[in-house]
Amino acid sequence: MLRTGSDPTVAALYAITLLLVGFGLIMVLSSSSITSYLDDQGFFGGFWRQASFALIGIPLMLIAAAMPVVFWKRWAWVLLGLGIALQLLVFTPLGIEVYGNRNWIQIGGFGAQPSEALKLALVVWVGAVLQRKEPLLGQMRHEIIPIIVPGAVLALGVVLLGRDLGTVLIMAAMVFGAMYFGGISWKTLGVTAGGGALAVVLFVITSPNRMQRLLSHAGGTDDYSGIDWQSTHGMWALASGGLFGVGLGNSKAKWSWLPAADNDYIFAIIGEELGLIGALLVIVLFIVLTVVMLRVISRARDRFGKAVVGGIMVWIVGQAFVNIGVVIGVFPVLGVPLPLISAGGTALIACLAAIGVVISIARDGAQYQAELEAAAPARGRNRGIR
């Protein structure tokens, strides 16, 4: 069940994923070495922590990949309920606040971000609902209920209560992507997009911190020592890399000049140490991952597979380009990591599990294509008999 077989799409998914994770471990080692040492963890503290999460996430990916597609359909509602229950833990004494967002739980020395697990549960649930309601699709009320109301509203709402708008935006785009690839009508997609845009505007203008970030990005502030510190030093790190970079491990920004150098702003360290060539390599890898996932969508057996893979693609690849866009100054600071590369255990494990689900659907799609090819000669013979 864990073998790639002869299907190049499945092999490509494994190869790209492991390449991104391996590259991420190297960059986490480089970007976190100084802060780890200052935190009395040694130069390798951040690396060993991230490597341990990779050792959890990769077997989980293999297990998810080995599961039949019917497993995800059968347990979709349970997974969503479990994901929402875990997210609600942030409002208990287990919840902690990080950078103004209450989106983490702490149990002893272990910290986790439940919203990452909720992302995967939500996209699988959306695919299962679309598959179940397939005869009714085309009617707006059946396309909105229960996917948007109450499903997505409830899931995104419990994350937004923790003030993590960046994660909410990624989840909203993920749901929209699942709906699009799942075959929802353009009318419903337009209404959903319009409502979502109005909600984002409302949440931004009612938050002084978010308004300050937006004004800073638009050039309305010049607070170098305050809110502009991170974005400014991120741009300086990228600029100093040039074409070929200053060399792996030779970053100056990681010496406590750039906050979250191993997490949200790891792309800046990539650009500084490996230059434009290294930064473009990362972008190309995510583009290739997009192409492979689009192939999985085109070969999927049913609406469930298309919706789930489409949503996961928008989640992982979309979040990657949002993260890169923040670092290069295209978007205001949103606080989302670079998938499969940035430091962060929960995010890495959730992304690897999501890739496992994609591989499960890819394997089923390869089997479906083989069945179609095997049935084609039989159909031809039947026509000949007639």
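Visitor: Where is D40, and is D40 buried or exposed?

Guide: D40 sits in the loop between α1 (8-38) and α2 (45-66); helices here are DSSP runs (H or I, at least four residues), numbered from the N terminus. This is a predicted model, in which local features need pLDDT of at least 70, side-chain atom pairs count only at pLDDT 80 or more, and totals for chains, interfaces and linings use all residues. Residues are numbered from 1 along each chain as its sequence is written, and side-chain values use heavy atoms, leaving out hydrogens and water. Buried means under 20% relative accessible area, exposed over 50%, and partly exposed in between (1.4 Å probe, protein chains only). D40 is exposed because its relative accessible area is 74%.

Visitor: What is the phi of D40?

Guide: Most residues other than glycine have a negative phi. D40 has a positive phi of about 60° although it is not a glycine. S256 also has a positive phi, near 65°, and lies in the loop between α11 (229-241) and α12 (266-299).

Visitor: Which residues does a cis peptide bond join?

Guide: Most peptide bonds are trans. Here a cis bond links I145 to P146, with omega about 0°, and another links V149 to P150, with omega about 5°. P146 is in the loop between α6 (140-144) and α7 (147-160), while P150 is in helix α7.

Visitor: Is K119 buried or exposed?

Guide: K119, in helix α5 (residues 114-132), counts as buried because its relative accessibility is 1%. Leaving aside neighbours within four places in sequence, its contacts (heavy atoms within 4.5 Å) include T167, W315 and Q319.

Definitions and conventions. Helices (H or I, at least four residues) and strands (E, at least two) are DSSP runs, numbered from the N terminus.
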